[in-house]
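Please look over the sequence and the model shown below before reading on. The report then takes up the strands, the core, the pocket and a few loop residues in turn.

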Amino acid sequence: MKVVHPLKPIYNSESKVLILGSFPSIKSRENNFYYGNPKNRFWSTLEKVFNEDIGSSNQDREKFLLTHKIALFDVVYSCNITASSDSSIKDVIPNDIKKIVDNSNIEAIFTTGTKAYSLYNKYLLKNVGIEAIKLPSPSPANCKRGIEEVLVNSYSKIKEYLD
């Protein structure tokens, strides 16, 4: 099914790090915010990395991101996708990430998972000019044993660009 990205990018002129997912899940689209599936570990991982309570409202989460100079968006503007399956993404039209980079202080780009990383490299790297750093997916579909520790260790790299 052809779906268009419904969420606005979160960033401001102070943003130093851009985190890119692939495309919002059904739950994220229903909740009108990134990583909206309660089983997704994105927000709980950031809470551990930054040692603070982010809160659960969209406003709390957006405030956290902007306070920490983190921008958040997705690689894909529209695509054909089955349910929330990254592996089913086809017929991609990418988002305009260059606009975010040009209107902020982005020094590093991170992708949450292999699909976002490969799509970024395929569609956006040449235009944006910043190599992405691949982080493990926080998705509930990524249920490997010990993933919480792996997520926290990996996502801690973000802080290196914020200090």
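Which residue stands opposite S78 in β4? The residue that faces S78 of β4 is V4. The model is a predicted one, in which local features need pLDDT of at least 70 and side-chain atom pairs count only at pLDDT 80 or more, while totals for chains, interfaces and linings use all residues. Residues are numbered from 1 along each chain as its sequence is written, and side-chain values use heavy atoms, with hydrogens and water left out.

**The sheet**

Three strands make up an open sheet in the order β1-β4-β5, with antiparallel pairing. Because β1 (2–4) and β5 (90–94) stand at the edges with a single partner strand each, one side of each is left without a neighbour in the sheet. From one strand to the next, the twist averages 15°, an angle taken between N-to-C directions on a scale from 0 to 180 degrees, with axes as lines fitted to C-alpha atoms. Helices (H or I, at least four residues) and strands (E, at least two) are DSSP runs numbered from the N terminus, and two strands pair if DSSP finds at least two bridges between them. β1 and β4 are joined by three bridges and run antiparallel, and β4 (residues 76–80) pairs with β5 over three bridges, also in the antiparallel sense. On the β5 side, S78 stands opposite I93, and the bridge partner of N80 is K90.

**The core**

A nonpolar core is a set of buried Ala, Val, Leu, Ile, Met, Phe, Trp, Tyr and Cys residues joined through side-chain atoms within 4.5 Å. The largest one here has 50 residues, and those with the most contacts inside it are W43, L46, L72, I109, Y120 and I158. Helix α2 (residues 42–50) contributes the largest share of this core, namely five residues. If residues up to four places away in sequence are not counted, the residues that I109 touches include L18, L20, V101, Y120 and V128, where contact means heavy atoms within 4.5 Å.

**The largest pocket**

The largest pocket has a volume of about 620 Å³. A pocket is an open set of points on a 1 Å grid over the protein atoms alone, where a 1.4 Å probe fits, with protein on both sides within 12 Å along at least five of seven lines, and lining residues have an atom within 4 Å of a point. Its volume is the space filled by probe spheres set on the points, which are joined across faces, edges and corners. The lining has 31 residues, of which S22, S84, D86, S137 and S139 are the closest to the centre of the pocket. At least two lining residues come from each of α1 (26–31), α5 (114–123) and β7 (132–135), and α5 gives the most, with three.

**Loop residues**

Most residues other than glycine have a negative phi.

Y35 is found in the loop between α1 and α2, and at 10% relative accessibility it counts as buried, a class defined as under 20% relative accessible area, with exposed over 50% and partly exposed in between (1.4 Å probe, protein chains only). K69 lies in the loop between α3 (58–67) and β3 (70–74), and its 32% relative accessibility makes it partly exposed. N40 also has its place in the loop between α1 and α2, and N40 is buried, with a relative accessible area of 14%.
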